[in-house]
Amino acid sequence: MYVDSHCHLDFPDLACREDEILATMAANRVGAALCVGVKLEDFPRVRGLAERHPRLWASVGVHPDNADCEEPTVERLCALAAHPRVVAIGETGLDYHWHQDAPQWQRARFRTHIRAARAAAKPLIIHTRSAAEDTLRLMREEHAAEAGGVMHCFTESREVAEAALALGFYISFSGIVTFRNAKELKEVAKIVPLERLLIETDAPYLAPVPHRGKTNEPGWVVHVAEELARLRGEPLERIEQATTDNFYRLFRHAQGFHSGPASALQGV
């Protein structure tokens with residue numbers, strides 16, 4: 001089966017189609033998905049999805065773009081991460097594209113998440129945009145390697161990928177890698193070690209070709225895997241197996257559901 005390592009099923013475009021989303025996952029052999037938190041105020045919805053559906057998992061965190069929201073503390077994140085359906089801290093990180101004028105609070109928040117991940121012994125889900133140098137610097141300063149994690153929706157250079165890999169992090173590719181103009185990213189996808197590779201949708205955003213421009217959903221993560229197989233000259237089955245194994249290796253608290261057919265999604 002495939003696993004969507006990053007999606008937002010609590011967002012309005014998808015929350016109203018919960019049964020349909022799950023059915024499409026089953027039809028495409030997408031056996032699990034990680035529903036990622038972006039605000040503490042919205043976390044109960046994310047957690048609720050994971051509680052209702054055995055093949056869905058949750059993370060807790062505050063996205064770096066969200067300024068007007070509850071500010072997390074290490075203690076608060078750890079308390080929420082103690083829930084058995086929560087397998088990661090994030091998404092967190094730095095985004096200077098939208099917040100060029102006020103990055104200091106982002107850096108403080110990022111440090112809080114890294115410290116929480118280390119304390120909770122759960123991996124990080126890291127977002128970085130126009131901030132790779134500071135992202136890597138804070139990861140080193142706060143010893144993010146002790147928690148481990150993934151650089152989600154990776155769009156950076158080969159050098160950034162290699163630096164993240166050196167810290168023990170995984171690299172996750174989204175539908176962007178299927179876009180014709182993503183030439184540099186396609187080259188990066190060729191060099192990431194198979195044992196550090198993940199796939200995601202970031203649904204409802206970034207729908208892959210051939211669905212580009214539509215509302216994305218976890219069932220379409222297969223197209224990301226297909227493009228990686230094409231770029232790397234590897235059998236699709238190898239990408240499928242490796243990215244699924246990698247997901248359960250990184251998000252080890254989800255181990256109980258590694259086996260079983262994707263059709264188990266139907267009716268849950």
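Entry 1: I sorted the lining of the largest pocket by class and got seven nonpolar, seven polar and seven charged residues. My classes: Ala, Val, Leu, Ile, Met, Phe, Trp, Tyr, Cys and Pro are nonpolar, Asp, Glu, Lys and Arg are charged, and the others, Gly among them, are polar. This is a predicted model, so I keep local features only at pLDDT of at least 70 and side-chain atom pairs only at pLDDT 80 or more, while totals for chains, interfaces and linings use all residues. I number residues from 1 along each chain as its sequence is written, and side-chain values use heavy atoms, with hydrogens and water left out.

The lining has 21 residues, and His 63, Asp 65, His 127, Arg 129 and Asp 202 lie nearest the pocket's centre. Strand 4 (86-95) and strand 5 (124-129) are the elements giving two or more residues to that lining. Strand 5 gives the most, with three. Helices (H or I, at least four residues) and strands (E, at least two) are DSSP runs, numbered from the N terminus.

I put the volume of the largest pocket at about 550 Å³. On a 1 Å grid over the protein atoms alone, a pocket is an open set of points with protein on both sides within 12 Å along at least five of seven lines; a cavity is a set where a 1.4 Å probe fits but cannot get out; lining residues have an atom within 4 Å of a point. Points are joined across faces, edges and corners, and a volume is the space filled by probe spheres set on them.

**Entry 2: cavities.** How many cavities of 30 Å³ or more are there? I found two. The largest holds about 50 Å³, and its lining is Leu 9, Leu 14, Glu 18, Ile 21, Leu 22, Leu 49, His 53 and Leu 56. Helix 2 (residues 18-27) supplies the largest share, three residues. By class I get six nonpolar, one polar and one charged.

The second largest cavity comes to about 30 Å³. Its lining includes Ile 126, Thr 128 and Phe 154, and splits into four nonpolar, three polar and one charged.

**Entry 3: two helices.** I looked at helix 4 (residues 74-81) and helix 5 (residues 103-120): their axes come within 9 Å and cross at roughly 45°. Axes are lines fitted to C-alpha atoms, for helices over the stretch in contact, with angles from 0 to 180 degrees between N-to-C directions. The two helices are therefore oblique to each other (under 35 degrees is roughly parallel, over 145 roughly antiparallel, 65 to 115 roughly perpendicular, the rest oblique).
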